[in-house]
Amino acid sequence: MSNQSVQTVSTTNDKFKVVLAVVALIAGVVGFFVLTGKPTLVRAAALVVGLLISAGIAYTSAAGRDFLNFAKESVRETKKVVWPTRKEATQITLIVFAFVTVMAIFLWGTDKILEFVLYDLILGWKK
(Lines give C-alpha, C1' and ligand atoms only; values in the text may rest on other atoms or scores of the structure.)
Protein backbone atom coordinates (compact mmCIF):
# COMPACT_ATOMS: atom_id res chain seq x y z
CA MET A 1 0.00 0.00 0.00
CA SER A 2 1.00 3.58 -0.37
CA ASN A 3 2.81 5.26 2.49
CA GLN A 4 2.15 8.72 1.13
CA SER A 5 -0.18 11.00 3.02
CA VAL A 6 -3.33 12.21 1.31
CA GLN A 7 -3.25 15.91 0.50
CA THR A 8 -5.90 18.15 -0.93
CA VAL A 9 -5.44 20.58 -3.80
CA SER A 10 -3.76 23.53 -2.18
CA THR A 11 -2.70 26.17 -4.66
CA THR A 12 -5.10 28.36 -6.56
CA ASN A 13 -3.38 27.40 -9.80
CA ASP A 14 -3.99 23.70 -9.12
CA LYS A 15 -7.62 24.35 -8.22
CA PHE A 16 -8.06 26.26 -11.46
CA LYS A 17 -6.52 23.40 -13.45
CA VAL A 18 -8.82 20.85 -11.85
CA VAL A 19 -11.88 23.01 -12.52
CA LEU A 20 -10.72 23.52 -16.12
CA ALA A 21 -10.27 19.76 -16.52
CA VAL A 22 -13.80 19.15 -15.26
CA VAL A 23 -15.14 21.80 -17.64
CA ALA A 24 -13.30 20.16 -20.57
CA LEU A 25 -14.74 16.78 -19.62
CA ILE A 26 -18.25 18.19 -19.40
CA ALA A 27 -17.75 19.94 -22.74
CA GLY A 28 -16.82 16.62 -24.34
CA VAL A 29 -19.91 14.91 -22.95
CA VAL A 30 -22.15 17.82 -23.96
CA GLY A 31 -20.56 17.80 -27.42
CA PHE A 32 -21.40 14.11 -27.73
CA PHE A 33 -25.08 14.78 -27.07
CA VAL A 34 -25.31 18.04 -29.02
CA LEU A 35 -23.98 16.36 -32.16
CA THR A 36 -26.88 13.90 -32.25
CA GLY A 37 -27.51 14.34 -35.99
CA LYS A 38 -23.86 13.79 -36.90
CA PRO A 39 -22.20 10.43 -37.60
CA THR A 40 -21.29 8.34 -34.59
CA LEU A 41 -17.59 8.71 -35.32
CA VAL A 42 -17.83 12.52 -35.00
CA ARG A 43 -19.78 12.23 -31.75
CA ALA A 44 -17.28 9.73 -30.32
CA ALA A 45 -14.40 11.96 -31.42
CA ALA A 46 -15.91 14.89 -29.51
CA LEU A 47 -16.19 12.75 -26.41
CA VAL A 48 -12.66 11.36 -26.70
CA VAL A 49 -11.12 14.77 -27.42
CA GLY A 50 -12.88 16.23 -24.36
CA LEU A 51 -11.61 13.34 -22.26
CA LEU A 52 -8.03 13.65 -23.53
CA ILE A 53 -7.93 17.41 -23.04
CA SER A 54 -9.36 16.95 -19.55
CA ALA A 55 -6.78 14.28 -18.70
CA GLY A 56 -3.97 16.44 -20.06
CA ILE A 57 -5.01 19.46 -18.03
CA ALA A 58 -5.53 17.35 -14.90
CA TYR A 59 -2.08 15.77 -15.30
CA THR A 60 -0.41 19.19 -15.16
CA SER A 61 -1.80 19.73 -11.66
CA ALA A 62 -0.25 18.29 -8.52
CA ALA A 63 -3.48 16.44 -7.72
CA GLY A 64 -3.46 14.82 -11.18
CA ARG A 65 0.12 13.62 -10.81
CA ASP A 66 -0.63 12.32 -7.32
CA PHE A 67 -3.65 10.43 -8.66
CA LEU A 68 -1.55 8.90 -11.43
CA ASN A 69 1.07 7.80 -8.89
CA PHE A 70 -1.67 6.32 -6.73
CA ALA A 71 -3.06 4.40 -9.73
CA LYS A 72 0.41 3.05 -10.58
CA GLU A 73 0.95 1.93 -6.99
CA SER A 74 -2.47 0.25 -6.96
CA VAL A 75 -1.58 -1.75 -10.07
CA ARG A 76 1.73 -2.70 -8.49
CA GLU A 77 -0.09 -3.91 -5.35
CA THR A 78 -2.54 -6.04 -7.32
CA LYS A 79 0.42 -7.81 -8.92
CA LYS A 80 1.55 -8.86 -5.44
CA VAL A 81 -1.76 -10.59 -4.67
CA VAL A 82 -1.72 -14.39 -4.72
CA TRP A 83 -4.81 -15.23 -6.76
CA PRO A 84 -6.56 -18.58 -6.26
CA THR A 85 -6.23 -21.28 -8.87
CA ARG A 86 -9.19 -22.16 -11.06
CA LYS A 87 -9.88 -25.25 -8.95
CA GLU A 88 -9.83 -23.27 -5.70
CA ALA A 89 -12.09 -20.58 -7.14
CA THR A 90 -14.56 -23.21 -8.35
CA GLN A 91 -14.58 -24.93 -4.95
CA ILE A 92 -15.14 -21.66 -3.10
CA THR A 93 -17.95 -20.72 -5.48
CA LEU A 94 -19.67 -24.07 -4.99
CA ILE A 95 -19.40 -23.72 -1.22
CA VAL A 96 -21.01 -20.28 -1.41
CA PHE A 97 -23.84 -21.58 -3.59
CA ALA A 98 -24.41 -24.50 -1.22
CA PHE A 99 -24.51 -22.17 1.80
CA VAL A 100 -26.95 -19.82 0.07
CA THR A 101 -29.21 -22.77 -0.82
CA VAL A 102 -29.16 -24.08 2.77
CA MET A 103 -29.92 -20.61 4.13
CA ALA A 104 -32.77 -20.14 1.64
CA ILE A 105 -34.34 -23.45 2.70
CA PHE A 106 -33.86 -22.58 6.38
CA LEU A 107 -35.47 -19.15 5.98
CA TRP A 108 -38.34 -20.59 3.94
CA GLY A 109 -38.96 -23.24 6.61
CA THR A 110 -38.80 -20.69 9.40
CA ASP A 111 -41.27 -18.48 7.55
CA LYS A 112 -43.69 -21.37 7.04
CA ILE A 113 -43.48 -22.43 10.70
CA LEU A 114 -44.09 -18.86 11.90
CA GLU A 115 -46.95 -18.51 9.43
CA PHE A 116 -48.55 -21.72 10.75
CA VAL A 117 -48.10 -20.74 14.39
CA LEU A 118 -49.35 -17.18 13.93
CA TYR A 119 -52.23 -17.65 11.51
CA ASP A 120 -53.48 -21.14 12.32
CA LEU A 121 -52.77 -21.63 16.02
CA ILE A 122 -52.85 -18.12 17.52
CA LEU A 123 -55.28 -16.20 15.30
CA GLY A 124 -57.27 -19.17 14.05
CA TRP A 125 -57.35 -17.93 10.45
CA LYS A 126 -57.60 -20.94 8.19
CA LYS A 127 -56.50 -20.44 4.61
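1. H1 and H2 are roughly antiparallel to each other in this predicted model. Helix H1 covers residues 12–34 and helix H2 covers residues 40–59. Their axes cross at roughly 175 degrees. That angle is over 145 degrees, so the pair counts as roughly antiparallel. The axes come within 7 Å.

2. Which residues make the contact between H1 and H2? From H1 come Lys17, Leu20, Ala21, Val22, Ala24, Leu25, Gly28, Val29, Gly31, Phe32 and Phe33. H2 supplies Arg43, Ala44, Ala46, Leu47, Gly50, Leu51, Ile53, Ser54, Ile57 and Ala58. By class, the residues of this contact divide into 15 nonpolar, four polar and two charged.

3. A search of the whole structure turns up one aromatic pair. The partners are Phe32 and Phe33, with ring centres 5.2 Å apart. Their planes stand at 85 degrees, so the pair is edge-to-face; the cut-off for that class is over 60 degrees. Both residues also belong to the H1 side of the contact with H2.

4. Phe33 is exposed, at 54%.

5. Arg43 lies over the face of Phe32, at 4.2 Å from the ring centre. Leaving aside residues up to four places away in sequence, Arg43 touches Phe32, Phe33, Leu35, Thr36 and Lys38.

6. Is Arg43 buried or exposed? Arg43 counts as buried, because its relative accessibility is 15% and the limit is under 20%.

7. A last point concerns Lys112. Lys112 sits in helix H4, residues 86–122. Lys112 is partly exposed, with a relative accessible area of 38%. Gly64 is 48 residues from Lys112 along the chain. The C-alpha atoms of Lys112 and Gly64 are separated by 57 Å.

Definitions and conventions
Residues are numbered from 1 along each chain as its sequence is written. This is a predicted model: local features need pLDDT of at least 70, side-chain atom pairs count only at pLDDT 80 or more; totals for chains, interfaces and linings use all residues. Side-chain values use heavy atoms; hydrogens and water are left out. Rings of Phe, Tyr and Trp (its six-membered ring) pair if their centres lie within 6.5 Å; planes under 30 degrees apart count as stacked, over 60 as edge-to-face and the rest as tilted. Buried means under 20% relative accessible area, exposed over 50%, partly exposed in between (1.4 Å probe, protein chains only). A charge sits over a ring if NZ of Lys or CZ of Arg is within 6 Å of the ring centre and within 35 degrees of the ring normal. Axes are lines fitted to C-alpha atoms, for helices over the stretch in contact, and angles run from 0 to 180 degrees between N-to-C directions. Helices (H or I, at least four residues) and strands (E, at least two) are DSSP runs, numbered from the N terminus. Angles under 35 degrees count as roughly parallel, over 145 as roughly antiparallel, 65 to 115 as roughly perpendicular and the rest as oblique. Contact means heavy atoms within 4.5 Å. Ala, Val, Leu, Ile, Met, Phe, Trp, Tyr, Cys and Pro count as nonpolar, Asp, Glu, Lys and Arg as charged, and the others, Gly among them, as polar.
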